[in-house]
Amino acid sequence: MERPYFDIVASGRRMRDIRKARKISVRQVMEYMGFESTQAVYKWEAGRCYPQADNLLALAKLYNVSPMELLVEEDSLSSSCRLWRKRVTNRVNHWLLDNKKK
């Protein structure tokens with residue numbers, strides 16, 4: 001069995017989409033979690049970081065989904081997403097090489 005890998009940006013989008021579908025505000029998530037600001041929720045939804053395990057479980061309970069439903073495995077990404085990621089990575093690598101030569 002292979003270790004799963006998750007797409008942080010796609011997972012963040014999924015968390016946001018599920019929250020919005022349930023008509024829950026970021027402020028409501030903040031209050032439920034006992035946070036003092038909305039910063040952590042926005043970071044998760046922007047794909048800048050994952051929630052800690054206990055927060056992921058609490059978020060899943062709030063949204064009434066399993067914790068795995070909040071995450072997007074890289075294998076489950078569409079082929080067009082993988083192709084787009086590959087193109088962007090190639091462009092960034094070429095740009096880095098070109099600018100390194102200067």
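Predicted model: local features only at pLDDT ≥ 70, side-chain atom pairs only at ≥ 80, totals over all residues.
Arginine 19 belongs to helix H1 and glutamate 45 to helix H3, so the pair ties together parts that lie 26 residues apart in sequence. Glutamate 45 also counts as buried, at 9% relative accessibility.

The count of salt bridges comes to two. Aspartate 17 forms a salt bridge with arginine 16, where the closest N and O atoms are 3.4 Å apart. Aspartate 17 is partly exposed, with a relative accessible area of 42%, and arginine 16 is likewise partly exposed, at 26%.

## Helix H1 and its cover

The 14 residues of H1 should span 20 Å at 1.5 Å a residue, and the C-alpha atoms at its ends are 20 Å apart, which agrees. Ala10, Ser11, Gly12, Met15, Ile18 and Arg19 are the buried residues of this helix, and what covers them includes H2, H3 and H4. An α-helix has 3.6 residues a turn, so residues three or four places apart point the same way.

## The nonpolar core

The largest nonpolar core holds 15 residues, and those with the most contacts inside it are Met15, Val29, Trp44, Leu59, Tyr63, Val65 and Leu70. Helices H1 (8-21), H2 (26-33), H3 (39-45) and H4 (53-63) each supply at least two residues of this core, with the largest share, four residues, coming from H4.

Valine 29, one of the residues with the most contacts inside the core, touches Arg19, Ile24, Val41, Leu59, Leu62 and Tyr63 when residues up to four places away in sequence are not counted.

Tryptophan 95 is found in helix H5, which covers residues 79-101, and it counts as exposed at 56% relative accessibility. Together with Val88, Val92 and Leu96, Trp95 makes a nonpolar surface patch of about 380 Å².

## The chain as a whole

The secondary structure comes to five helices and zero strands, and from the N terminus on the elements run α-α-α-α-α. Of the 102 residues, 26% count as buried, while the chain exposes about 7,700 Å², of which carbon and sulfur atoms supply 53%. Among contacts with a separation of 6 or more, residues 24 or more positions apart account for 62%.

Terms used
Residues numbered from 1 in each chain as written. Heavy atoms only, no water. Core = buried A, V, L, I, M, F, W, Y, C linked by side-chain atoms within 4.5 Å. Buried < 20%, exposed > 50% of the residue type's maximum accessible area, 1.4 Å probe, protein only. Contact = heavy atoms within 4.5 Å. Patch = residues over 30% accessible without salt bridge, like charges linked within 9 Å, V, L, I, M, F, W, Y side chains within 5 Å. Areas by Shrake-Rupley, 256 points an atom, 1.4 Å probe, with all protein chains shown as cover. Salt bridge = Lys/Arg side-chain N within 4 Å of Asp/Glu carboxyl O. Expected span 1.5 Å × (residues − 1).
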